[in-house]
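Please open the model in your viewer and keep the selection panel at hand.

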Amino acid sequence: MLKRVDIVGNPNVGVFILATDDLAIVPYNLLNEKADIIKETLDVDIVKSSISGSSLIGSLAVANSNGMVVSPHVLDREVKQFEELGINVATVPGKYTALGNIIAANDKGAIVSPFLSDEAIHIIEETLDVNVEATSMVGSDIIGSLIQVTNKGFLISSKAVKSEINFAQEVFGVEGDIGTVGRGIALVGACSIANSNGAIVAKDSTGPEMARVEEALGFLDDDF
């Protein structure tokens, strides 16, 4: 299922919400009607929480079916909540706390910013149980903001070149394509949430953008 919805009052839905194939972690203050839209579209359980006491959950954590890596400033009560849900949680050391902005991962691989330390990369590999490649893409280090990836496909910034698309396909083990959301926004990771079941993109996304998202992420549902 593919929908364009105003979830958080601005295009940056991926900054606030973290989704896997099983659950979506959303801020405590998210309206229940918005949470219901996410639950229906992504076919997941909804968990209200925070990361480091912040509502910027999608920016401060990355997860796949194997585990979750979070900011080193995560609170003990937050870790306990996630572990009680059966999630393997690990903190990534270093000064770069906005992990969601600098890591893109599915169940098969991850691309991370090159300034992460060897220790940080090792923790990401062990926790998410994936091969990790560190590199800049599209002339930028904010990999997580530039790519939306699931276990069915990926959408990468419209500024990506063919070699970068091929590289992402090799790492993630799925096919993908370039695109934008929200009427020309190239930061597709920051402005969408997605899993293998569906995706939600910025409300202002155009019909052609939606068609590209649908194709890149492997969705055949034309419910938009």
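A nonpolar core is here a set of buried Ala, Val, Leu, Ile, Met, Phe, Trp, Tyr and Cys residues joined through side-chain atoms within 4.5 Å, where buried means under 20% relative accessible area, exposed over 50% and partly exposed in between, with a 1.4 Å probe and protein chains only. This is a predicted model, in which local features need pLDDT of at least 70 and side-chain atom pairs count only at pLDDT 80 or more, while totals for chains, interfaces and linings use all residues. Residues are numbered from 1 along each chain as its sequence is written, and side-chain values use heavy atoms, with hydrogens and water left out.

Begin by selecting I7, I17 and I38, the residues with the most contacts inside the largest nonpolar core, which has 30 residues. At least two residues of this core come from each of α1 (13-16), β3, α2 (32-42), β14 (192-194), β15 (199-201) and α9 (207-216); helices (H or I, at least four residues) and strands (E, at least two) are DSSP runs, numbered from the N terminus. Around I7, show V13, I17, L30, K34, I37, I38 and I200, which I7 touches when residues up to four places away in sequence are not counted; contact means heavy atoms within 4.5 Å. A second, separate core of 18 residues can be picked out through V69, A90, L116 and L128, which are among its members.

Which residues of α2 are buried? Select K34, A35, I38, T41 and L42. Viewed down the axis of α2, these buried residues fall within an arc of 135 degrees, so they line one face of the helix, the arc being that of the directions from the helix axis to the C-beta atoms. They pack against β1 (2-4), β2 (18-19), β3, β4, β14 and β15, whereas the exposed residues N32 and E33 sit on the face turned away from the buried side. Just after α2, D43 has a positive phi of about 55 degrees.

Within α4, E83 is partly exposed, with a relative accessible area of 46%. Finally, select G86, which follows α4 and has a positive phi, near 85 degrees.
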